[in-house]
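This briefing concerns the structure shown below.

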Amino acid sequence: MNQAPSSTNDSTLAVELSDVWKSFPGVTANAGVNLSVRTGTIHALLGENGAGKSTLMNILAGVYRPDRGELKIHGQSHHFRNPADALSAGIGMVHQEFRLIPSFSVAENVVLGSAATVLRTRQVELQVSELAERFGLKVDPSQPLWQLSMGERQKVEILKILWRNAQVLILDEPTTVLTPSEVGELGDILTKMANDGRSIIFISHKLHEVSGICDEATVLRQGKTVASALPIESTGQRELAQLMVGTSASSTDRPSPSTPGAPLLELDGLSALGDRGLEAFSNLTFQVNSGEIVGIAGVAGNGQRELADVIAGLRPSTTGSLLMDGADITTASPQFRFKSGLAYIPEDRLGVGLAPRLSITDNAILRVYRQQRRGPFILAEKALSYCKDIVHRFGVRSADLEGPIAALSGGNLQRLLVGRELDGEPSVVVASQPTRGLDVQGVKAIQELLIQQRDSGVAVIMISEDLDELLTITDRLLVMESGVIRGEFDPRTASRDEVGMAMLSDGQAITDT
Amino acid sequence: MTEASLIGLFVATVSFGALLYLAALGELLAEKAGVLNLGVEGMMAVGAVTAFIAGVELKNPWAALLVAMLSSAILASVHGFFTVGLGAEQVVSGLSLTILGLGLAAYLGKDYVGLPPGAELVPVEWAGLSDLPWVGPIFFSQAPIVYLALLMGITVSFVLSSTRLGLALRAAGESASSTDSAGHSVLGLRLSAVAAGGALAGASGAYLTLSITPQWAEGLTAGRGWIAVALVIFGAWRPGRVGIGALIFGGTLALKTRLQTFGVDFSPIILSMLPYVLTLVILLVISIQARKRPSPAPFGLGLAYRREER
């Protein structure tokens, strides 16, 4: 609407979705969406969490059936009944959660959708590696998938689609699992595919990535198309951001400086093992004071997740000690730590933080159900009013408090989780990737909550991969790499490059070139 | 212990091994596709009784075998309908199937108890080979179902490892959503695996009444269906290893009835526990290894799949 679609006729349009509607119980995810993607281009599909991007793409990929709407591929009308229909029409999708099988080899994963009746392993592996080389995807086809990193798994997903010779590739927030250098690599791969005549739909809400990779953009807001086929080059990031959120999304201003008090959390020579039994981090010594936010920066997989687990009591430490408010909690149970005032916002919201099949109310009282009971019974009324209170105070948008929590969008899940954790008036907050995958307003809300906590004298540890965020809201910044602290920075004076260098200090030489 | 009785022991080992192998292969197929079917005992019983009845009525052992396989496949499909079609709890449905199958077999067979068999599958004679010492009687004078079991083992192994169908079937057992998005019908794959598994359990039951003990009595299956379920775990979901396990477990069954004649003072009850003890040991090994590598159990085993559920 901001701009008329560029002069197109049906033959140059790879995908044409018009007036698509789709409702789930309590939510209308798509309310008359339109989308046109020109052949051979990389098309950005932008929108906040819950704007209906994933739903629309699941319709295009045949996973969901639309309630209403028309779908044309290369000018031909289609009604997909299942993903197989979409695949045979040339549509392939890389979902946010990969659809890969850990016990299968790379080659088996790739050919699963379309294999010869009888498989000759050698031959299949050879064909897969030929295809991979054509588009610059580096993977070993005989390797079992469970040994691969997230970035490599994404390449396998893309290979799967290319193997089916899909002409339209949908990537649902592909960069969330990638390191910055991998994002660049992905951009090159996608450009190669577009030059090969394929069309790519790139779902994202990271504007700087979109402007580096995509040709055109469609913006969704609250289930509707607010702008279509915007040429990226001539549209400013600010304009895109405005379209996405509806109002001007000003960049977060630095909060007022903190007034740190006594140390509330002290790590002394702490070490722990990772999931594979290798050392995740070693000999960490630092402290977090009352009234400050300490940021932990680093590329994912350098021990940050394990560190958060150890502080929360979900993973044993191998050496060293952990003190909270002067008391040794090195071997204390998670329940004891929570009672002593430790709040934990885990990275894995739906797995560790919340129970997906339980209701919103059940999830809200998960930590404090002992207060909503009489004898062995939970008091439903009391639990519900407690839940309403959290939902209200932390701005969770939800239709049905008795409904399963999995129906909430990412941002609302996080508000509920953060609300639940902060409600107990903690003295220490450990927040692991608290704003990842959230929309602009969600990010802001969560950041403000953490700053509020800080101002009321809480010690906050914030683990994030978003360096800009850390530089804006933290009071001290530690950089973690290969399980050790590579440097401490003052975010007021540190430059982005300096910190970035520390993040990549050693690992870089091993992974690249 | 004479040479003849030792040969007899090995003959029975192979024969019981084949009996267990057929049923275990069926369970392996279903589990590889992601459906746990604890109804093996019931399906075997129905296979046994329908084979016997069809033998009496039709006087043709091959027709009887076919009837048994079909009956058990239909019974298995009831499990398939509830668990795959409706997403019902697999353990509950499977246990019900065992109880239903045992009851159904008792009901169907009540007029046939004690009757002489109408048809039998007699041992195959292999020209030249059957007369060899030791290997002749042990491997080349067995009932045709033994060779069927071997053939099925090779077939299942080949299909699973080297065909598109096998790849899709294993995928359905590992991750239904991946299989679905790859364009395979999870419903179709799982239903057919469960039905095929039922047919194999039926063949195993038929082997009992057409060859091993050619008569019908209630409780004839005597828990062998459960051994077949354990065998799949013991063999770490691999057709070859399950085959080796079948011979070991078959050996315990064969030995159980012969201990006394061998003059060994050892309780046959302890021997009956052996398959389960061995299975527990294997479970332990798998669990310890699982810290370093994925477990050999299909990852989606026991999980129902509905496409639009988040």
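The largest share of the lining of the second largest pocket, five residues, comes from α11(B). The structure is a predicted model, in which local features need pLDDT of at least 70, side-chain atom pairs count only at pLDDT 80 or more, and totals for chains, interfaces and linings use all residues; side-chain values use heavy atoms, with hydrogens and water left out. Residues are numbered from 1 along each chain as its sequence is written, while chains are lettered from A and ligands numbered from 1 in the order in which they are written.

**Second largest pocket**

- The volume of the second largest pocket is about 910 Å³.
- Of its 30 lining residues, K32(B), A236(B), R238(B), R293(B) and P296(B) are the closest to its centre.
- Two or more lining residues come from each of α6 (144–162), α7 (164–174), α11 (239–256) and α12 (268–289) of chain B.
- A pocket is an open set of points on a 1 Å grid over the protein atoms alone, where a 1.4 Å probe fits, with protein on both sides within 12 Å along at least five of seven lines; lining residues have an atom within 4 Å of a point.
- Grid points are joined across faces, edges and corners, and the volume is the space filled by probe spheres set on the points.
- The lining has 15 nonpolar, eight polar and seven charged residues, where Ala, Val, Leu, Ile, Met, Phe, Trp, Tyr, Cys and Pro count as nonpolar, Asp, Glu, Lys and Arg as charged, and the others, Gly among them, as polar.

**Helix α1 of chain B**

- Helices (H or I, at least four residues) and strands (E, at least two) are DSSP runs, numbered from the N terminus.
- In α1(B), 23 of the 30 residues are buried (under 20% relative accessible area; exposed is over 50%, partly exposed in between, with a 1.4 Å probe and protein chains only).
- G34(B), which follows α1(B), has a positive phi near 100 degrees.

**Loop positions in chain A**

- T41(A), in the loop between β2 (27–38) and β3 of chain A, is buried, with a relative accessible area of 7%.
- Residues up to four places away in sequence aside, T41(A) touches R198(A), S199(A), I200(A) and D215(A) (contact means heavy atoms within 4.5 Å).
- G50(A), in the loop between β3 (42–46) and α1 (53–60) of chain A, is exposed at 58% relative accessible area.

**Confidence**

- Chain B averages a pLDDT of 92, and 99% of the residues score at least 70; pLDDT is the predictor's confidence in each residue, from 0 to 100.
- The model scores ipTM 0.85 and pTM 0.72.
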